Amino acid sequence: MEDRPQTEDYAKFDPEWYLDNYIGTEEASINMRLDLNIYHRFFSQNPIRGKRLLDVGTGPSIHTVISASNHVDEIFLSDYTSQNRQYLEKWRSGKIDHPKMMIDYVSSLDGRTVTAEEREKEIRQKVKGIVPIDVTSQQPLGSDYDGAPFDIIVTSYCFEAAVSNVAEYKSCIENVSTLLKKGGYLVLAACLEGGLYQVGEYNYRTINISRKQIDSAMAETGYKTIAAEEIQGTAVDAQLQDFSSYYFIVGSKC
Ligand SMILES: C[S@@+](CC[C@H](N)C(=O)[O-])C[C@H]1O[C@@H](n2cnc3c(N)ncnc32)[C@H](O)[C@@H]1O
């Protein structure tokens, strides 16, 4: 990774650069497909079902809820930064489409014969809110949140970007767990043993966390693991970030 100014300031986060480089290109789709394969397996091979799903730290990309959308009635997206939420609102109103190759790819995994347009419309209709969130707060959705619990929470590459150490990472799990029903599912994706990822002209800092530390944090915060997978980063990936691998875990809240 090239030397660039380092930052933790999400006010500088550029949604379009992030999408163009991590999600939308043919090159990026090599990595994305690995993530999408795992979401597909998690949701098709486990009883992860429910009425309401919250995606935490969605960023500008809805890839984390494509497979999940088959298994829930309502989806809420959330992010810390207003520019990511605005981007998601543009997507919801149809001004921007998610990369079609990705939606088609998930539909083929799911065995669905719908067109990308139909599938995207279905997902848009299920999205009932795009809300601000701060995972470092004990009230992540703020004091106005009505307290209605979620059946499923999905979060991808967010906590490690929001905190400075492993103890705070564990607190993020505790904080979002206040939003989850007992018996509900937390689907968590994390970058392991890294420190930096590029967005535009900045390198964003993340904490260095291991699979073992995440397993312990999940167990200590009251989750029973029902599925877990780890994948290695690819060469494409190494140009943009310095993580050793990516970890995906599903816990059910005891
Ligand atoms: C690496 S991006 C991941 C985006 C997306 N979930 C994905 O998998 O591509 C990290 C995301 O965490 C969000 N974030 C940073 N600090 C946060 C906080 N304190 N609370 C909630 N989200 C935060 C950022 O705005 C950004 O969208």
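In which hand, left or right, does helix α7 pass helix α8? The fourth legend gives the reply.

All views show a predicted model, in which local features need pLDDT of at least 70, side-chain atom pairs count only at pLDDT 80 or more, and totals for chains, interfaces and linings use all residues. Residues are numbered from 1 along each chain as its sequence is written.

**View 1. An open sheet of 7 strands.** The strand order is β4-β3-β2-β5-β6-β10-β9, with mixed pairing. Strands (E, at least two residues) and helices (H or I, at least four) are DSSP runs, numbered from the N terminus, and two strands pair if DSSP finds at least two bridges between them. Strands β4 (127–132) and β9 (223–232) each have a single partner, so one side of each is left without a neighbour in the sheet. From one strand to the next, the twist averages 15°. Strands of a sheet pair through backbone hydrogen bonds, either parallel or antiparallel. Strands β2 (residues 52–56) and β3 (residues 74–79) run parallel and are joined by 4 bridges; R52 has E74 of β3 as its bridge partner. Strands β6 and β10 run antiparallel, with 8 bridges, and L188 is partnered by I249 in β10. Strands β9 and β10 are also antiparallel, with 9 bridges, and A227 stands opposite V250 of β10.

**View 2. Helices on the sheet.** Helix α2 (residues 26–45) lies across β6 (180–192), β9 and β10 (245–253), and runs at about 155° to β9. Helix α8 (residues 211–220) packs on the sheet and touches β6, β9 and β10, its direction making about 10° with that of β10. Axes are lines fitted to C-alpha atoms, for helices over the stretch in contact, and angles run from 0 to 180 degrees between N-to-C directions. Two residues are in contact if their C-beta atoms, placed from the backbone, lie within 7 Å.

**View 3. An open sheet of 3 strands.** Here the order is β1-β8-β7, and the pairing is mixed. The edge strands, β1 (6–7) and β7 (196–199), each pair on one side only. Strand β7 pairs with β8 (residues 202–205) in the antiparallel sense over 4 bridges, and Y197 stands opposite Y204 in β8.

**View 4. The crossing of helices α7 and α8.** The axes of α7 (residues 166–177) and α8 come within 9 Å and cross at roughly 45°. That makes α7 oblique to α8, since angles under 35 degrees count as roughly parallel, over 145 as roughly antiparallel, 65 to 115 as roughly perpendicular and the rest as oblique. Helix α7 passes α8 in a right-handed crossing; a crossing is right-handed if the near helix is turned clockwise from the far one by less than a right angle, and left-handed if anticlockwise. The contact is made by V166, Y169, K170 and I173 of α7 and by Q213, A217, M218 and E220 of α8.

**View 5. The crossing of helices α4 and α5.** The axes of α4 (residues 100–110) and α5 (residues 116–126) come within 9 Å and cross at roughly 85°. The two helices are therefore roughly perpendicular to each other. In this contact, K100, I103, D104 and S107 of α4 meet A116, R119 and E120 of α5.

**View 6. The surroundings of the ligand.** The ligand is surrounded by 20 residues, of which G57, G59, Y80, S156 and A162 are the closest.

Notes:
Near = placed C-beta within 6 Å.
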